[in-house]
Amino acid sequence: MSIKNLDDLLAEGVSGRRVLVRADLNVPLDKQTGAITDDGRIRAVLPTLTALRDAGAAVVVCSHLGRPKGSPDPQYSLAPVSRRLGELLGSPVTFAEDTVGPAAQSAVAGLAGGEVALLENLRFNAGETSKDEAERGAFADQLAAFGEAYVDDAFGAVHRRHASVYDVPARLPHFAGRLVLREVEVLSRLTGDPERPYVVVLGGSKVSDKLAVIEALLPKVDRLLIGGGMCFTFLKAQGHPIGTSLCQDEMLDTCRELLARADGKILLPDDVVAAAAFAPDAAHETVPADAIPRDRVGLDVGPRTVAAFTAEIEGARTVFWNGPMGVFEMAAFAAGTRGVAEAIAGIKGFTVVGGGDSAAAVRALGLNESSFDHISTGGGASLEYLEGKSLPGVAALEK
């Protein structure tokens, strides 16, 4: 990868210079209180921000949060993120209450070397996500005016052709932050020549979300373990009853084709936890995966499946995991995800958690993050990289 990185920028010297950093601070917020429920993405960008601040740069941070419709929406404000970022940095963070307007201009103008400011949500401006190049470019011009150099450390957004990710680096000297560099190095290892046996564990709700990555990885892996809601479409494709479990009927033929092509590489659940309803206190029982009662919904993989998956994982030298095994947010249906995650954490091989809900599960279940070699911050970006797609944000840094 021919990309200049943060060390190259620091070697040039940044003391007193304004550096615009695209971070991924798209953290989950409690709908009732607005409190941050998982600050993993904020902590992930700290090494880059700390290095720049300590080198004397005036650091201007920008990010999106959620999916506002191109105008200010208080529920998606980055204000709570600014407070948490200041706590983690151990120094105040100036928060601009707009993105490129008077508040942002004032905050940036008053920023001294060694200080950090955070702009309001990028997606409060229609130009950030616009498909119109002129509109997107005009917004990129305004953002670029806030920096003398640009650092992209938002791996979770590099698969988007957005102004702050794709257009700004064309306007400023540009560099990859510590996080982006690490993400690309890790994923390149998975798509190159990984140590074998190479086991991939996929979960989540929909086969369609993972179809491209399944097709890309199937020829490369030694074993593909499938759990989560997506397993029921595969089970139905095999002719098994799945009760009221989640199923994409339009994907049944695709699943049959994948199973036929897999030559035994795909391992599906042997048992599942089937519940009377999709509710945390619903009555539930463990049943064979090929005999789910017609009035029950599968919400987790069962203990026999965890044991079978663990046996495959324990023999692996490389493991990539993306997607929970069940509805881990409900305690009654978290055992499958916990069991598989603990198995991955316990091996001596190279282990990668592919971001998104998998990363959230690691933290929600209280697992030791350092037990995994890498926890990605970009679920969608990670999958697209493994699918072999060109990521606009990475391509922009390579130019």
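Just after helix H14, glycine 388 adopts a positive phi of about 90°. The model is predicted. H14 spans residues 379-386 and is mostly covered, with 6 of its 8 residues buried. The buried positions are Gly379, Ala381, Ser382, Leu383, Tyr385 and Leu386. Their cover includes three helices, H7 (178-191), H8 (207-217) and H13 (356-364). Strand E13 (318-322) also contributes to this cover.

Six strands form an open sheet. Their order is E3-E4-E2-E1-E5-E6, and the pairing is parallel. Strand E3 (93-95) and strand E6 (174-176) are the edge strands, each pairing on one side only. From one strand to the next, the twist averages 25°. Within this sheet, strand E1 (residues 18-23) runs parallel to strand E5 (residues 149-153), and 5 bridges join them. Leucine 20 stands opposite tyrosine 150 of E5.

Helices pack on these strands. Helix H2 (residues 40-54) touches E1, strand E2 (58-62), strand E4 (116-118) and E5. The direction of H2 makes about 155° with that of E5. H7 lies across E5 and E6 and runs at about 45° to E5. H7 is also part of what covers the buried residues of H14.

A further pairing involves strands E10 and E12. Strand E10 (residues 271-275) pairs with E12 in the antiparallel sense, over 4 bridges. Alanine 275 has valine 297 of E12 as its bridge partner.

Notes
Residues numbered from 1 in each chain as written. Predicted model: local features only at pLDDT ≥ 70, side-chain atom pairs only at ≥ 80, totals over all residues. Heavy atoms only, no water. Pairing = 2+ DSSP bridges. Helix = DSSP H or I, 4+ residues; strand = E, 2+ residues; numbered from the N terminus. Buried < 20%, exposed > 50% of the residue type's maximum accessible area, 1.4 Å probe, protein only. Contact = heavy atoms within 4.5 Å. Axes fitted to C-alpha atoms, helices over the stretch in contact; angles between N-to-C directions.
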